[in-house]
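I opened the notebook to look up pockets and aromatic contacts. My entries follow the structure.

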Amino acid sequence: MEEDRLRRNWDDLLQELRVSQAGVQILTGFLLTVPFTNRFEELTAPQEWIYAVAVVGSVITTSLVVAPVAFHRLLFRENARPWLVAAGNRCAQAGLIALALTVSAVLVLVFDVVFGDLAGLLVGASALALFGLLWGAVPALLGRRHRR
């Protein structure tokens, strides 16, 4: 019974990671091409730093959402499923946090370039608040209600 539960948990986790991996990899690929565009030279020093933070965040996010697959490959047939599920879950959660921060940084940069720094900060903060609400507060509240 425990092995079946762990297998279901692992399968669910991998399916969830597949959803996020594609988006994260596309975002990372896009960000890595930006310095090779003509307009990159027009960025101010603060905008370059925001860009750098977004790139680093995207790489961190990629490493976190791909890590469970690497864990599984390295520990295949080692009877490590309990550890894999626990570690994969932690990586997925950290990856979602990193994704929220990275997407918010990208929005700060885009809106800063297009509309100015105040717009960038407002949109980035709003996005971060939305991620926090949808990915954190709502599940926490519903989980609390469900446990009662």
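Which helix gives the most to the lining of the largest pocket? I found that helix 3 does, with 8 residues. The model is predicted: local features need pLDDT of at least 70, side-chain atom pairs count only at pLDDT 80 or more, and totals for chains, interfaces and linings use all residues. Residues are numbered from 1 along each chain as its sequence is written, and side-chain values use heavy atoms, with hydrogens and water left out.

Pocket entry. I read a volume of about 530 Å³ for the largest pocket. Its lining has 21 residues, and Ala92, Gln93, Leu96, Ile97 and Trp135 are the closest to its centre. A pocket here is an open set of points on a 1 Å grid where a 1.4 Å probe fits, with protein on both sides within 12 Å along at least five of seven lines; lining residues have an atom within 4 Å of a point. By class I noted 13 nonpolar, 7 polar and 1 charged (Asp, Glu, Lys and Arg count as charged; Ala, Val, Leu, Ile, Met, Phe, Trp, Tyr, Cys and Pro as nonpolar; the others as polar).

Ring entry. I looked up Trp135 again: Phe131 and Trp135 form a tilted aromatic pair, 4.6 Å centre to centre with 45 degrees between the planes. Rings pair if their centres lie within 6.5 Å; planes under 30 degrees apart are stacked, over 60 edge-to-face, the rest tilted. Phe131 is buried at 18% relative accessibility, whereas Trp135 is partly exposed at 40% (buried is under 20%, exposed over 50%, partly exposed in between, with a 1.4 Å probe).

Conventions
Rings of Phe, Tyr and Trp (its six-membered ring) pair if their centres lie within 6.5 Å; planes under 30 degrees apart count as stacked, over 60 as edge-to-face and the rest as tilted. Grid points are joined across faces, edges and corners, and a volume is the space filled by probe spheres set on the points. Helices (H or I, at least four residues) and strands (E, at least two) are DSSP runs, numbered from the N terminus.
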